[in-house]
Amino acid sequence: MKLFDMIAFDADDTLWENEVIYLRTRQVLERVMEPYRPAAWVAERLYQTEMRNLKIYGYGIKSYGLSLVETAIQVSDGRVTGREIQSILDAVKSMLTADIQLLPHVAEIIPRLALRCPLMLITKGELLDQEAKVNRSGLGKYFQHVEIVSDKTESQYAGLLAQHAIPAGRFLMVGNSLRSDVLPVLALGGSAVYIPHPLNWAHENGEKPDGTPGFYELEHIGLLPELVQKLEE
């Protein structure tokens, strides 16, 4: 018996590597700021700056770049040089053209699932950047819908479900973020599969809803078809 009308996937760190690219760029900032402050201090100040700026700039690489520059100015008490700022900007630009590294099993699992059930991609961030990553990934053709949103909240998911006429009880979301991919969907009465990634942005953490109906956790995405088949038996 078919249980889901739509299976949706997060993109970054669910289908392809993403946080590692941010980590490398943060390390560039830490090296540039080495004459001014220790790396751990710089990393903490960067995170604080990102959190303040989310409501202004939103998510994505360009937002991150602005927070990097702002942090450099603050950490150095305004002494950061133009050459140092340029090295940070060069690192940000390289993020925008970085090769897409699909996570294990993704290249084989997504085409298989697309034959079984309609698929949707739901990713948050800056429009041009996310569109480019979807195109470079080669996976876009397997998704009936690609939704790039400013944030993943309960109201945002409710709007998407209404837009596509999908009952919450027949919707499955797959992702690596408890905060963005799991908890809002469960709150609406949908189902969610949590697939942890070894590198996780602290902002995306949340309390694991063990025991909540519709919540599942898998070690890797390669186990997803088996789970879907089991649920539909």
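**Entry 1. Strand pairing**

I began with strand β4 (residues 171–175) and strand β5 (residues 191–194), which pair in the parallel sense over four bridges. I took two strands as paired if DSSP finds at least two bridges between them. Helices (H or I, at least four residues) and strands (E, at least two) are DSSP runs, numbered from the N terminus. Within this pair, I found Gly 175 opposite Tyr 194 in β5.

I note that the model is predicted: local features need pLDDT of at least 70, side-chain atom pairs count only at pLDDT 80 or more, and totals for chains, interfaces and linings use all residues. Residues are numbered from 1 along each chain as its sequence is written, and side-chain values use heavy atoms, with hydrogens and water left out.

**Entry 2. The sheet and its helices**

I then traced the whole sheet, which is open, has six strands in the order β3-β2-β1-β4-β5-β6, and shows parallel pairing. Its edge strands, β3 (145–149) and β6 (215–217), each pair on one side only. From one strand to the next, the twist averages 20 degrees.

I looked up two helices that meet this sheet. Helix α6 (residues 127–137) packs on the sheet and touches β2 (119–124) and β3, contact being heavy atoms within 4.5 Å. The direction of α6 makes about 150 degrees with that of β3; axes are lines fitted to C-alpha atoms, for helices over the stretch in contact, and angles run from 0 to 180 degrees between N-to-C directions. Helix α7 (residues 154–163) lies across β2, β3 and β4 and runs at about 150 degrees to β3.

**Entry 3. Salt bridges**

I counted eleven salt bridges, each a side-chain nitrogen of Lys or Arg within 4 Å of a carboxyl oxygen of Asp or Glu.

In one of them, Lys 152 joins Asp 10, with the closest N and O atoms 2.8 Å apart. Lys 152 lies in the loop between β3 and α7 and Asp 10 in the loop between β1 (6–9) and α1 (19–32), so the pair ties together parts 142 residues apart in sequence. I found both Lys 152 and Asp 10 buried (buried is under 20% relative accessible area, exposed over 50%, partly exposed in between; 1.4 Å probe, protein chains only). Asp 10, Lys 152 and Asp 181 are linked in a network of salt bridges.

I also recorded Glu 126 and Lys 62, whose side chains meet in a salt bridge (3.6 Å, N to O). This pair links Glu 126, in the loop between β2 and α6, to Lys 62 in helix α3, 64 residues apart. Glu 126 is partly exposed at 23% relative accessibility, and Lys 62 is partly exposed at 42%.
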